[in-house]
Amino acid sequence: MIRFTIPYPATRQGLTAWNRRYSLNAYWSGKPYHARNRDARELHQLTGLCMGRAGVPRELLDFPVEVRFRWDDGLDADNHAAMGKMILDAMKGYILRDDSRKWVKRVSHEFWDGKKILVEVRPYDQQQAEKELYKLQAPAAAGRP
């Protein structure tokens, strides 16, 4: 598994500004194209720097992966979509060949109490994914809620 963290701003005001800048709400509210481009460029640079500091080798993986983001910034889970996309895009060419469904099979957004963004990239296990899906479908198939 590949694991690295991305720090949040150190102050409460900094985190509030971060959330206003990168949350999906900022994009839905009509953020200008040049501002979105600047955000992506800066988050790409930060992600590359953090992967380097974590000792992640600049080597393209040759198997499909799942990517787990863990957040601790006070935003709702769905508001992390824009940040997750920018971080995932930053991994292209560093460890990911592409972010197509051939190479990235699953992306999840979860919470933790780590005061940073935790990014985990692990090999995708098709059999385990099918078992999880079966567990979700089994109660409905048996007529249970």
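**Before selecting anything**

The model is predicted: local features need pLDDT of at least 70, side-chain atom pairs count only at pLDDT 80 or more, and totals for chains, interfaces and linings use all residues. Numbering starts from 1 along each chain as its sequence is written, and side-chain values use heavy atoms, with hydrogens and water left out.

**Stop 1: the whole chain**

Show the protein chain as a cartoon. Its secondary structure comes to five helices and four strands. Helices (H or I, at least four residues) and strands (E, at least two) are DSSP runs, numbered from the N terminus. Trace the elements from the N terminus: β-α-α-α-β-α-β-β-α.

Switch to a surface. The accessible surface comes to about 9100 Å² (Shrake-Rupley method, 1.4 Å probe). Carbon and sulfur atoms hold 51% of that surface. Of the 145 residues, 38% are buried, meaning under 20% relative accessible area with a 1.4 Å probe, protein chains only.

Now look at contacts, defined as heavy atoms within 4.5 Å. Among those between residues at least 6 apart in sequence, 80% join residues at least 24 apart.

**Stop 2: α1 against α3**

Select residues 12–22 for helix α1 and residues 33–53 for helix α3. Their axes lie 11 Å apart, at an angle of about 120°. The pair therefore counts as oblique. Axes are lines fitted to C-alpha atoms, for helices over the stretch in contact, and angles run from 0 to 180 degrees between N-to-C directions. Under 35 degrees is roughly parallel, over 145 roughly antiparallel, 65 to 115 roughly perpendicular, and the rest oblique.

Show side chains. α1 contributes Trp18, Arg21 and Tyr22. α3 contributes Arg38, Asp39, Glu42, Leu43 and Leu46. By class, this contact has four nonpolar, no polar and four charged residues. Nonpolar covers Ala, Val, Leu, Ile, Met, Phe, Trp, Tyr, Cys and Pro; charged covers Asp, Glu, Lys and Arg; the others, Gly among them, are polar.

**Stop 3: α3 against α4**

From α3, pick Asp39, Ala40, Leu43, His44, Thr47 and Met51. They meet Met83, Met86, Ile87, Asp89, Ala90 and Met91 of α4. The contact divides into eight nonpolar, two polar and two charged residues.

**Stop 4: Asp89**

Center on Asp89 in helix α4. Is Asp89 buried or exposed? Asp89 counts as buried because its relative accessibility is 18%. Select its contacts: Asp89 touches His44 and Asp99, not counting residues up to four places away in sequence.

Methods: Buried means under 20% relative accessible area, exposed over 50%, partly exposed in between (1.4 Å probe, protein chains only).
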